[in-house]
Amino acid sequence: MTSQQSERTAGHSRAAAATTLITGVRCYGEGEPVNLLLRDGVIAEIGAQVRDADAEVLAADGLIALPGFVDLHTHLREPGREDTETIATGSAAAALGGYTAVFAMANTDPVADNAVVVEHVWRRGREVGLVDVHPVGAVTVGLAGQKLAELGTMAASAAGVRMFSDDGHCVADPLVMRRALEYSKALDVVIAQHAEEPRLTVGAQAHEGERAARLGLAGWPAAAEEAIVARDCLLAQHLSARLHVCHVSTAGTADVLAWAKQRAGGAGISAEVTPHHLLLTDERLASYDPVNKVNPPLRASTDVARLRTALAEGVIDCVATDHAPHAPQDKDCEWAAARPGMLGLQTALSVVVHTMVRSGLLDWRGVARVMSERPAEIAGLPDQGRPIAVGEPANLVLVDPEATWTVRGAELASIAENTPYEGMDLPARVVCTVLRGRVTAHEGRIRP
Ligand SMILES: NC(=O)N[C@@H](CC(=O)O)C(=O)O
Ligand SMILES: [Zn+2]
Ligand SMILES: [Zn+2]
């Protein structure tokens with residue numbers, strides 16, 4: 001680790017709580033309950049008999065301990081749309097959702113396409129101190145897709161940008177994408193692509209299929225995603241560069257990824273799926289409620305089924321929320337005028353449990369893999385997604401696997417309330433989140 005990296009990862013403005021003793025917890029939902037002693041930001045001792053008279057005790061009987069979640073795809077809206085989310089409110093939502101690190105997308109206003117903006121986001125994240133906020137840098141200036149942004153300057157800045165994306169827009173020009181991949185290789189960073197061939201989605205409003213046709217909504221064909229993913233996999237492999245595919249939404253994309261990964265022996269290519277694409281389908285569109293409008297759009301039930309198995313099999317590496325807060329005036333309007341996107345940070349675990357654990361596709365080890373370990377590896381975070389073991393950083397989430405809760409947008413920490421799960425009963429609840437030994441969220445409340 002370079003000295004700059006260690007300053008970034010360990011030098012947070014808030015000191016870790018002295019000592020915390022978590023009692024009666026089952027790590028990864030396996031084996032007998034144990035106590036975890038957290039001291040100086042690391043896991044100091046693990047065992048059934050571990051005690052410490054001076055420690056703050058967190059009774060965790062019946063709970064499962066997992067490594068803190070890492071979200072590769074979050075929209076925090078600061079700077080520019082602080083009426084919908086700020087770094088402070090988004091960090092609170094992240095901590096309450098079990099996250100210890102989030103990647104904040106670059107489509108802010110101003111765009112995070114330079115060192116000044118990414119350093120602002122990074123500093124503000126540290127000041128808030130609830131979750132590690134890693135700014136994503138834009139690939140192109142102003143997300144316009146024409147001229148490469150100064151990736152090197154952002155990577156070398158205090159923010160130490162590791163991931164670049166024009167998310168919200170596709171880097172559609174193949175030559176611009178090629179150059180970005182070449183630079184990313186030299187800088188050892190990853191390009192995350194929002195795969196959408198813009199010429200195929202002009203005016204698109206919903207998944208192209210029978211339902212959109214019946215509702216009279218212009219279609220967003222699966223091929224618009226799949227064609228870009230195929231192109232970018234070929235480019236990345238040709239250049240031996242790394243590529244991360246954002247919000248995979250179709251069965252065909254899973255097929256392309258399986259092919260590309262098998263071809264490259266698994267190297268270089270990674271992909272994420274959102275909780276909403278694992279659960280919701282375009283049947284939701286019948287209501288014309290724009291809360292269901294998202295990019296890429298909700299797809300068919302056959303896509304949902306394939307995305308679940310692709311995640312279980314590792315064809316899709318991880319879950320990322322694409323948490324996208326929007327103001328009421330941008331959502332409570334006619335479908336065509338509404339902005340795409342939905343909240344995700346505080347519901348992600350429950351949707352993953354509902355779709356993947358309750359269906360038998362993943363066990364709790366698998367949840368740790370897709371929500372913490374793989375995203376940390378993809379982004380190159382040395383201190384996140386680590387095993388729950390002595391000497392490791394105390395970045396943890398404690399989950400109640402038996403709980404059920406009812407989602408209420410107004411009760412979520414985000415300023416915006418655009419959750420598609422309003423009124424739904426979801427399984428499993430985040431009880432406690434720990435960042436470097438310090439409790440950041442407990443029993444649904446933030447611990448500032
Ligand atoms: N997912 C969305 O529908 N919206 C995102 C942009 C994006 O992720 O493409 C947003 O910024 O609102
Ligand atoms: Zn996107
Ligand atoms: Zn996004």
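Started with a helix pair: α5 (residues 174-187) and α7 (residues 222-239) pack at an angle of about 40 degrees, axes 10 Å apart. That angle makes α5 oblique to α7. The crossing of α5 past α7 is right-handed. On the α5 side I listed P174, M177, R178, L181, E182 and K185, which meet R231, D232, L235, A236 and L239 of α7. Sorted by class, this contact has 6 nonpolar, no polar and 5 charged residues.

Housekeeping: this is a predicted model, where local features need pLDDT of at least 70 and side-chain atom pairs count only at pLDDT 80 or more, while totals for chains, interfaces and linings use all residues. Residues are numbered from 1 along each chain as its sequence is written, and chains are lettered from A and ligands numbered from 1 in the order in which they are written.

My terms: helices (H or I, at least four residues) and strands (E, at least two) are DSSP runs, numbered from the N terminus. Axes are lines fitted to C-alpha atoms, for helices over the stretch in contact, with angles from 0 to 180 degrees between N-to-C directions. Under 35 degrees is roughly parallel, over 145 roughly antiparallel, 65 to 115 roughly perpendicular, and the rest oblique. A crossing is right-handed if the near helix is turned clockwise from the far one by less than a right angle, left-handed if anticlockwise. Contact means C-beta atoms, placed from the backbone, within 7 Å. Ala, Val, Leu, Ile, Met, Phe, Trp, Tyr, Cys and Pro are nonpolar, Asp, Glu, Lys and Arg charged, and the others, Gly among them, polar.

Next, the sheet: 3 strands in the order β6-β7-β8, open, with parallel pairing (at least two DSSP bridges make a pair). I found β6 (69-74) and β8 (132-135) at the edges. Neighbouring strands are turned by 20 degrees on average, direction ignored. Between β6 and β7 (residues 99-104) I have 4 bridges; V70 has A101 as its partner in β7. Helix α2 (residues 87-96) packs on the sheet, touching β6, β7 and β8. Helix α3 (residues 115-128) packs there too, touching β7 and β8.

Which helix is mostly covered? It is α12 (residues 348-357), with 9 of its 10 residues buried (20 or more other C-beta atoms within 10 Å; exposed is 12 or fewer, partly exposed in between). Its cover includes α9 (275-279), α10 (301-313) and α13 (364-379).

Technical notes: Two residues are in contact if their C-beta atoms, placed from the backbone, lie within 7 Å.
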